[in-house]
Amino acid sequence: MAGLNRTDPSDIHAVVVGLESYPRDPGMSLRGAARNALRFARWLREGGVPKENITVLLSALDQDEAVTAAAGEADVLWRRADTAEDIRKVFVHELPAASGGLLYVYWGGHGALGTDNGGRLLFTPEACPDDLRCLRVEELREFLTRHDLSGFTQQVLFFDACAAFVEHYQLRLAPVPVPFPRHPRREVEQYLLYAAREGQEAEQDGAAGTGVFSRLLLDWLEKHASCLHPDLTRLEEHVRAGFEEGYTDTGPLQTPTVYHRRALDGGEFSTAFARTDPLAVLEVRATLRKALGGDDDTCLLYASRVGGACGHPPVTTGDPAHWFAGALLTRPRMMATFVEALVGDGLAQPARALHALGLAHGAPGLLSVREHAELRDLLTRWPALSPATVNTLTQAAAPGVDVHTSANGALTTAQLMEHLATLEEYPGRLSRTGKGFTVPAVVAFTQYLAVHTGPAPVPYALRRHLDRWGERVAGRLFVEPAELDSVREQAAEWDEAFTAADASSRVVVQVHPQGERDTYVCVVWVDAGTGTLDRFQDPENGVPLGSTRAMRLVQRAAQSLTDEDGTAPVVEIVLDHEDILDVSVHAWDGAGGVGTPLLFGVEQRITLRCAPMVAVHREQSRRASLKRRWARRTRGNDVVYLDESHIGDDPRATRAYGALTTDGDAARAVVRSGRRAGELLVRAALAVGYPVVLWDSEDSRALDHTHFAPLEPEGDLSGLPERVRYYWAETHRDPPRHPIRPALLLEDHDRDLPPVPSLTRSPAPEEEASC
């Protein structure tokens, strides 16, 4: 962020948080956090920001009357923050209703650095050692780039909180992060200034009752930024200098850290760090001198060569080794580029040592400038990838790494490169043998991509180029060959299994109920696993039938695709959205006496799909939501439960639409209501674009929260149709013990539908004949 735009104070908004009281553990009290928050809010008010544009959230140690008096002096309003939800709802529910050009966020309170790449954590007021509630900074930061925020294209965030490793607190239980909904992202510039770098505590001035970082920050803002548009570079320098005066012989007490970030906007992803730990600089400088024989000229030569490649020419005055060491730890891709140069010059041993130091101290950018450019060139020639494909590849290549993309439509090369830049933040660690490093996430992703046989053919030569690129980078990163071979074997096995699963056979049945009772026109299509739908050849296909004959028609189609081992295809029933609750195709019963087919759901895995809506704009919006939500379908805990409370007296089901749209990533909706409310709720989920909807087709009562437990709606999605089929079989065997009559809507947007004019209007004979 080169500088802040000149924004009228009325277009500035702020969320200001000061947490000094943690009632469940008084020992966590942090005197001064509330006062600093009010001081920050006063700076905004004195600059002309309207009172209603500033949200002040406090968990104060003082009585409410005293806090209200202090807030009055600052000319701001405040509210109590007793729980994580009190804070979360401001960002999730209130901020989207505001609009402006510039957003400030100030946070004062306790924090930590999570394990397993959990990132920075901010403790919320109800936190205690036995229930350490917190927010993830990275989730909050990403949430503020959501596509539906109005304006706020520039955001400045200040965090006065510790970043010590969570193990430092010797907790009995792990922290409990409160999630933020995931949304498509947009172009946003963000400047984040943290009180301390990773692993450090934030210093508190007990005598003055304030965090040292906040004091330095607020002193400078009040003196030099009354216009509310601070020179961020000068601000950073001032805060950093204030801490450098406190350095001891054993290193800095605290090192403020700056990040500049941009959201998914097609541009480069850049991260800049404030001056790193001086001890780390000294460590790298000593390794440099040893590697280069203490020769300043050689050091300056490398600094010029590497700095020029990275766009950071060296400072020619002073100690070149000291400048070079600091640049290697702070400039994007400089350490990787230098290690690459050393390896090319045959200096593998010092290259390995510097690579390890770069990982230990968080040098930004795992790939060198050349490696990054080569990868971009390869991916420019790659067929376009959907967000669902990229997320699936990422989850397979780097299990446990919570990195995903939520772009609309196929990813551009720039968006894909930004996704990979985020994966670079998950480097390899020492291998099991200790002789090398494991495969980093970004390299593993490319190896999975190189073997993935997606819908668009990729030339063998291009795959081979990507494969060789990964091999070269892995070698430069000192990855053991056996580790890379293992990842490649896993990638090949995964792709074979993924392709086989994706190519499963299916029967697609278009059902159009006629005016007569229990009469339907069924048009049956079959897909043998090739992805191509062919009309099933049968004299009863496409003519009016009763449910028994219709069921037999579908069973004949299913039998034509049943494997030798008895594996039957999935049956997808396509219904118009107006008919989806009224046609109980999942329960068609051959009621013609002995010898008629069993209950349909016993023998087949039945799922319902919705035919395209007549209103084109509604269908386009629904399909876009289906694609986005389908990409997040494996997140089992993202389930929206709807019941009678989401209806009330509102025939438009406004509350239901609110619940369904609040979480932009939820892919599953479960309707716990009777028949009347269920009709509204199912259709609401359908209109919003939920790919998975589960409801009870017959129960007229309001259902309790355990009603669908036997079906495990939060469990593995791929097995849900089979769980429904099995439950129907148990219902047929022992109805009293199996009260659910489950209906499952499952819309995989990647599985094509046949032409569906017959579902939106009665077809003309020539149309029917041409289907």
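1. Four strands, in the order 5-6-7-9, make up an open sheet with mixed pairing. Its edge strands are strand 5 (111-113) and strand 9 (176-177), and each of these pairs on one side only. Keep in mind that this is a predicted model.

2. Look next at one pairing within that sheet. Arg133 has Val176 in strand 9 as its bridge partner.

3. Helix 14 (residues 413-423) deserves a look. Of its 11 residues, 9 are buried, so the helix is largely enclosed by the rest of the structure. The buried residues are Ala414, Gln415, Leu416, Met417, Glu418, His419, Leu420, Ala421 and Leu423.

4. Asn53 sits in a loop, between helix 1 (33-46) and strand 2 (54-59). Is Asn53 buried or exposed? Its relative accessibility is 9%, and buried means under 20%, so Asn53 counts as buried. Beyond its neighbours within four places in sequence, Asn53 touches Pro9, Ser10, Ile12, His13 and Ala14.

5. His577 is another loop residue to check. Its loop lies between strand 18 (570-575) and helix 19 (600-603). His577 has 14% relative accessibility and therefore counts as buried.

6. Which residues does His577 contact, leaving aside its neighbours within four places in sequence? They are Cys610, Met613, Arg683 and Leu686. There is also a link to a sequence neighbour: the side chains of His577 and Glu578 are joined by a polar contact of 3.1 Å.

Notes. Residues are numbered from 1 along each chain as its sequence is written. This is a predicted model: local features need pLDDT of at least 70, side-chain atom pairs count only at pLDDT 80 or more; totals for chains, interfaces and linings use all residues. Side-chain values use heavy atoms; hydrogens and water are left out. Helices (H or I, at least four residues) and strands (E, at least two) are DSSP runs, numbered from the N terminus. Buried means under 20% relative accessible area, exposed over 50%, partly exposed in between (1.4 Å probe, protein chains only). Contact means heavy atoms within 4.5 Å. A polar contact is a pair of N or O atoms within 3.5 Å; within protein, one must be able to donate a hydrogen and the other to accept it, and residues adjacent in sequence count only if both atoms are side-chain atoms. Two strands pair if DSSP finds at least two bridges between them.
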